[in-house]
Structure formats: C-alpha cells, structure tokens
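Dear colleague,

Please read the notes with the structure open beside them.

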Amino acid sequence: MTVFDTTLRDGEQTPGISFTFAQKLEIARQLTSIGVYAIEAGFPASSEGERETVKAIADQRLDAVICGLARSRKEDVDVCIDCDVDMVHVFIPTSEVQRVHTIKKTPEEVLDITREIVSYVRDHCELCMFSAMDATRTDTEYLIEVFRAAADAGATIINVPDTVGVYTPTAMKNLITRIVSEVNCPVDVHCHNDFGLAVANTTTAVEAGASQVQVTVNGLGERAGNADISQTVMILESIYGVKTGIKTASLYETSRLISRYSGIGVLPIQPVVGDNAFSHESGIHSHGVIACAATFEPGIMTPEMVGHRRRLTLGKHVGRHAVRQMLTDAHINPSEIEIDRIVEKVKFMSVKGKKVTDADLYEIATTIMGIGNGGRAIELQDIAIMTGNHVIPTASVKALVNGKELVCSSTGNGPVDAALKAILGIVPAKVQLKEFNIEAISGGSDAIGHVNIAIEDDHGHVFSASGSGDDIVLASTEAMINAINLLQRIRQAETK
Ligand code: KIV
Ligand code: ZN
C-alpha cells in the first residue's frame, strides 16, 4: 500500500491558501521524510509560478516520486515533462454531467482521448496515472471501459476520484471490487469530503483492493477538502493492520507544519492530531488513564505512535486523581484535605470560564498548602519592541535571571514572535514553544487579550501558563515568563 499526497495541489485549492515557494519546497521535503511514496507537486500548465515550483521540487531529487497534474492535452503533458517529473497524472471527466457541461465530448471521444493521452504520456515518462474525473457519478459499465482503455494504453495506475464526495463506503467497496477484478492495473482512490466520508471511503477502497490512497495533510482541499493523511494512515495501520510506509510518529509535527503554513488551525477535537485527541479531564477518565492508558484511549493508537502527547487537563470535570498526579509530577504532595480544597478551587475557576493552566494549579496548590511557590527564576525588567510595515519586527528584553541581569534581542515574524524569541534567548533551560493561543476577551480594538501557551523542555515535559492584558505582546511575554518560572520551580524541586 502506498500513499500519494496531494497537499501541494489540493491544499492550494483550499480557498484562501497559497503557500510560498520556500514553503512548498519544505512541505515536499517533509512529506518525503515521513515516507510518502508520491507527491503531486502541482499543475504546471496552470501558471508560470506553478511550473517553476514543480520543476524546483523535481530538481531536488527527493526520495519520493514527484508527479505533475495535467488535463488530457498534449500541451499540458509537455509542460509536466519539461519540469522533469517522475510521473504525469492525466485526468478527463467521464460522468455525463461533467462531460456535457465542461469538455462537451461524447463518450466515444473521451475513450479516444484517453487512449491517445495515456500513450503520449508513456512515450515521454515512465509513470502515468490516469484519472476518470467524477468516476463515482459515471455509469459503471462505461467507467470500466474507460479504465480498460487507459490500462491497455499503458497507464501504470488508474485513479478513481469521488470528485464531489457523494459516495458511501458500501458503494465504494462494490465499485473498487469490480474495477480490481475487471481492469488489469493497480487502483488508486481520491476522495472528497463533502459529506464527511472521505476517510471512510478511502479506507474502504483499500479493503476492497485499492493499492494506493490519495490524501492531504489536515484534509486540505477544495470545498470540504480531501481525505486526511493522519486519519487515513492510522486507520489503515492500527485498525486494518496495513503497512503504509509512513513514519507515523511524524504525523503530528507534519500536521502542525501545514497548519502554520496554511493558516488553517487544527480543531482541538480533530482525530489523531487535535489537541484533545489524547487529553483527559473528567475524573473517571483521567483516573482510568492513570491506571492504564487503554481504558479511555484506543490502545491500538497511542500518542507516541503519532508523535503527540497524553495530557491531563484541568477543568470543571477534573478529579482528585488527575490533580494529585499532576502535583506529584511537580514534587508537590498535598494531604487529602488539601487535595479536596485544590480540586474545589480549580472547578470553581473553570465554572467561572477561566482556562486553568499548569501554572495556575501550582499557584493554587502552593497557596493552599502555605509552602510558597519557590520564587521566580526570571523577573522581566524591560522590554522594547520595534515593528512597522518597513522594519523587521525586533524585540529587546532585560531580565533578572536567577538574580543576574541579562539582555537579549531577537527579530521575529511579528512583534510577539520577536519578544518570545528574545526571552528564550536568556533562558538557561532549553525549551520550545508548543502551543500559543490568543483570545480577545471583549470584542473591541481595546479588548483585553488572554494568551495561553505551552512550552516543552528537553525531557519532553510540557508546562502551560497564561498572561493577559490590553497589550498582546506584554500578555504573551507574561505567559512565557510564567511558564519558564514554573519549569524552573519544578526543576529545583527535583534536585532537592
Ligand atoms: O477530484 C478530482 O476529480 C480531482 C482529479 C484531478 C483527480 O482532483
Ligand atoms: Zn480532487
């Protein structure tokens, strides 16, 4: 089973997304590094910029098959060949509605074009994928005739697109079973998500004999998008036991990379890679998970398998076991009575609508236990930010770090990025920013900004903290310093 990724083509067809040239090269490298078999780098005939990108990706000589998309026209194929791709993907509409209203061709003409274009591709390129566009709304007898024509003309793989996402898993199973038994060519599927069935249809196609799946990172694509790589791969690997060749432990980081570049966030409840995918808040769940993770997780898919992490979160459903575990991990050991009071306070704050971070929990616990919070390793003294439309955002910070005055300046993608990088420049511990969320508490331009962040140290421990204020740079800085102080406090406790 192989994975064919179309993030670079379908991702760009997602309304509002356009990756930069450098981002496209990095995405191609990332997809290769996680074991994607083939990457559709773009549609070179569509623009000069697209042609340059596809050529640049092909020139990287990556360890993945690089494919260019082409309409069933020789001039489109020629542009792909000029880009030095390893594979040309030609498509032609086959359903009546698309044939009549888009290319205005008869069924016989489509058959002739199919034979001609596939053999033209094979005369110039080793690998040819042929797609019957809108296959799932095409008369099945005719569809099989078209696929046979493509296979006889030399297609190395045929693709069955559910172009407008109208198929069901049962229909997909029947169709793929027929195609696999009646057409002598490997079969690939490309499913759209208009009814939310893209992943189910894709994995069912594999069950029925498809040997390749088309997916995108985070399910990007036109309208409701395409089958998501993380969900498709994990269903195949963990439920069906099918090897996909994907390094699943890199799925989370790949999802976040594309989310950053596309500007489309990952929903917290998104399967596999969403923030909540392995988070447990309610008392019963976290109690179970502390005893044995498989109680309230699939077990056949762990956070480690997808490069994610398990988290106990603090909210109105939190239980004593989770709170005790989180505090014990930080070397804080409250009595039974103290635990009750801490849990009560966390629930009270959550019910009032406050997101309770790790830093808040330790503050609550140390106050209730009367043990002091261990002091602050970092105290910000000064911060200066320079930003504008013609300057690179730059931040300079001066802070007392363990009693010593340190200064650091950094540039960044924006003032917040520059400020956080400057702070990280003076921190003794090696930490990485893992999460950053900002919310405006009221609607106006003078709204109070509330920043929640999570940082990870070099041992994989994650610390969350928050900051708020009417200046989002200062609120972000406060959140970062609170998180670092928490980390330092826990490190000190560990060495005692
Ligand atoms: O959805 C579709 O039919 C396509 C084809 C180009 C394969 O994207
Ligand atoms: Zn498509």
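The largest nonpolar core has 89 residues, a nonpolar core being a set of buried Ala, Val, Leu, Ile, Met, Phe, Trp, Tyr and Cys residues joined through C-beta atoms within 7 Å. A residue is called buried if 20 or more other C-beta atoms lie within 10 Å of its own, exposed if 12 or fewer, and partly exposed in between, with C-beta atoms placed from the backbone. The residues with the most contacts inside this core are Ile39, Ala41, Val85, Val88, Val90, Cys128 and Ile176. Once neighbours within four places in sequence are left aside, Val90 is in contact with Ala70, Ser72, Val77, Ile117, Val118, Val121, Cys128 and Phe130, where contact requires C-beta atoms, placed from the backbone, within 7 Å. Another core, of 48 residues, lies apart from the largest one and has Ala365, Ala377, Val397 and Ala418 among its members.

All of this rests on a predicted model, in which local features need pLDDT of at least 70 and side-chain atom pairs count only at pLDDT 80 or more, while totals for chains, interfaces and linings use all residues. Residues are numbered from 1 along each chain as its sequence is written, and chains are lettered from A and ligands numbered from 1 in the order in which they are written.

Turning to the helices, I use DSSP runs numbered from the N terminus (H or I of at least four residues for helices, E of at least two for strands). The axes of α8 (residues 169-182) and α9 (residues 198-207) come within 8 Å and cross at roughly 35°; axes are lines fitted to C-alpha atoms, for helices over the stretch in contact, and angles run from 0 to 180 degrees between N-to-C directions. The crossing of α8 and α9 is right-handed, that is, the near helix is turned clockwise from the far one by less than a right angle, anticlockwise being left-handed. On the α8 side the contact is made by Pro169, Met172, Lys173 and Ile176, and on the α9 side by Ala200, Asn201, Thr204, Ala205 and Glu207.

Helix α8 also meets α7 (residues 140-152), their axes coming within 11 Å and crossing at roughly 40°. The two helices are therefore oblique to each other, a class left over once angles under 35 degrees count as roughly parallel, over 145 as roughly antiparallel and 65 to 115 as roughly perpendicular. The crossing of α7 and α8 is again right-handed, and here Thr140, Ile144 and Phe147 in α7 meet Leu175, Arg178, Ile179 and Glu182 in α8.

In helix α13 (residues 320-329), the buried residues are His321, Ala322, Val323, Met326 and Leu327, and they pack against α12 (283-291), β10 (311-312), α14 (336-351) and α15 (358-369). His331, in the loop between α13 and α14, has a positive phi of about 60° although it is not a glycine, and it counts as partly exposed because it has 14 C-beta neighbours inside 10 Å. Asn218, in the loop between β8 (212-215) and α10 (229-239), likewise has a positive phi, near 60°, but with 27 C-beta neighbours inside 10 Å Asn218 counts as buried.

With kind regards

Note on methods:
Contact = placed C-beta atoms within 7 Å.
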